[in-house]
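Please look at the sequence and the structure below before reading on. The paragraphs that follow begin with one term and then go from the chain as a whole to a few selected places.

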Amino acid sequence: LLPRSSSRSGANDIYAHAALGIVAAHSHDWITVKREYDAALALSPDDQIMHNIAGMWLGRLGYGEQALYEFKTNYSSDPLSYWSTYNLATELDTLGRHDEAKHFLDLLPGLESEPEWHTVTARWRNAVWRHDYTAARHFVGQISSLPAQGDEKTADADVAVAYAAVTEALRDPARWPQAEAAIGALEAKTGGASLLRLFAPQSNTAPLLAEFEPGNQEPNGKILWTVDFAALHRNPAFQSFLQRMKFI
C-alpha cells in the first residue's frame, strides 16, 4: 500500500502518479509506468518510497545499474530502513557484486521487526554465489524456524529440505537428482514453481518464469537478471518471457 500524501492532490499528488504507474505495470504498459514514476520523482525528488518503487521496477525490467542508482539514493537518505538496505543489497547481488552485497545483507537482521524470510533466503543466495557453503548451510538451518511467510508460502520441513538439497547440489553437481526431487516435493506442497529452480543446471523454466508475470510490485522481480543465471538468459523460454512481458 502507498501512504497517503499530505496536502497534494490531482496532478501534483506523487502517490496518485505512483498508483497509476503500478496499475499500468499490471498490463505491461512500461511507457506509462515510466512517465508516471518520472512525474512522481520530479514532484518529490527526495521521496524514499518512490525511489524504492522506481528501483524495483527498473530492476524487474533488467536495468540493473539504473535500479542500483535509485536504491543507493534511497539508502543514503534512510540507512536504517529494512527495505532500503534489502533492495540495495539484492541489486548488488544481481549485478554480481556479491562481496559488496554481503556487507548490506549482514545488516538486515538488526533492522528486522521479526525474523524475515526475505533476509534468510537472500543471505543464502549470496552465500552460494560466493561459494561459501558453510554459511549457506547455516542459513538453511534458520529457514526451518521461520514463521510461515515469503515466496514459498510455507515454513514446514519441505522448504528446509529443498534448500539443503540444492546447497549440496551446488557444491557437488552429482547430487542434482536428489535436489530436483526435493524441489518437486516442495512444489507439490505449495502449488507453484520454486525459485530454487533458478539454480538448477537444466530445468523446465516456463512454469518458473510464469511466476514472474503478474504485475505486483515485488522486490525479488530483479532476481531473473542475476549475472550468475547466464544459462537462463540463453534459454529460448526466457526470450519468450521477455516478449510476453513486453520487455522487448
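Two residues are in contact, or touch, when heavy atoms of theirs lie within 4.5 Å. The model is a predicted one, in which local features need a pLDDT of at least 70 and side-chain atom pairs count only at pLDDT 80 or more, while totals for chains, interfaces and linings use all residues. Residues are numbered from 1 along each chain as its sequence is written, and side-chain values use heavy atoms, with hydrogens and water left out.

The chain as a whole comes first. Its secondary structure comes to 13 helices and 0 strands, where helices (H or I, at least four residues) and strands (E, at least two) are DSSP runs numbered from the N terminus. Along its principal axes the C-alpha trace spans about 60 × 40 × 30 Å. The radius of gyration, taken over C-alpha atoms, is compared with a globule rule of 2.2 Å times the number of residues to the power 0.38; for 248 residues a compact globule would have a value near 18 Å, and the chain agrees because its own value is 18 Å. Among contacts between residues at least 6 apart in sequence, 55% join residues at least 24 apart.

A residue is called buried under 20% relative accessible area, exposed over 50% and partly exposed in between, with a 1.4 Å probe and protein chains only. Of the 248 residues of the chain, 50% count as buried. A nonpolar core is a set of buried Ala, Val, Leu, Ile, Met, Phe, Trp, Tyr and Cys residues joined through side-chain atoms within 4.5 Å. The largest such core has 73 residues, of which W124, L198 and F199 touch the most other members. Leaving aside residues up to four places away in sequence, W124 touches A136, F139, V140, Y163, V166, T167, L170, L196 and F199.

Helix α9, residues 157-171, includes R171. R171 counts as partly exposed because its relative accessibility is 40%, and its contacts, not counting residues up to four places away in sequence, are with Y133 and R137. The C-alpha atoms of R171 and Y133 are separated by 7.2 Å, although the two residues are 38 apart along the chain. The side chain of R171 also makes a polar contact with the side chain of E168, at 3.2 Å; such a contact is a pair of N or O atoms within 3.5 Å, and within protein one must be able to donate a hydrogen and the other to accept it, while residues adjacent in sequence count only if both atoms are side-chain atoms.

Two histidines in loops come next. H28 is in the loop between α1 (14-26) and α2 (30-43), and its phi is near 60 degrees, a positive value in a residue other than glycine. H131, in the loop between α7 (117-129) and α8 (133-143), also has a positive phi near 60 degrees. H28 counts as buried because its relative accessibility is 14%, whereas H131, at 58%, counts as exposed.

The tour ends at helix α13, residues 236-244, in which F238, F241 and L242 are buried. Seen down the axis of α13, these buried residues fall within an arc of 100 degrees, so they line one face of the helix; the arc is that of the directions from the helix axis to the C-beta atoms. What covers them includes α11 (205-210) and α12 (230-234), whereas P236 and Q243, on the other side of α13, are exposed. At the start of α13, a side-chain oxygen of N235 reaches to within 2.7 Å of the backbone nitrogen of A237, and after the helix comes K246, with a positive phi near 65 degrees.
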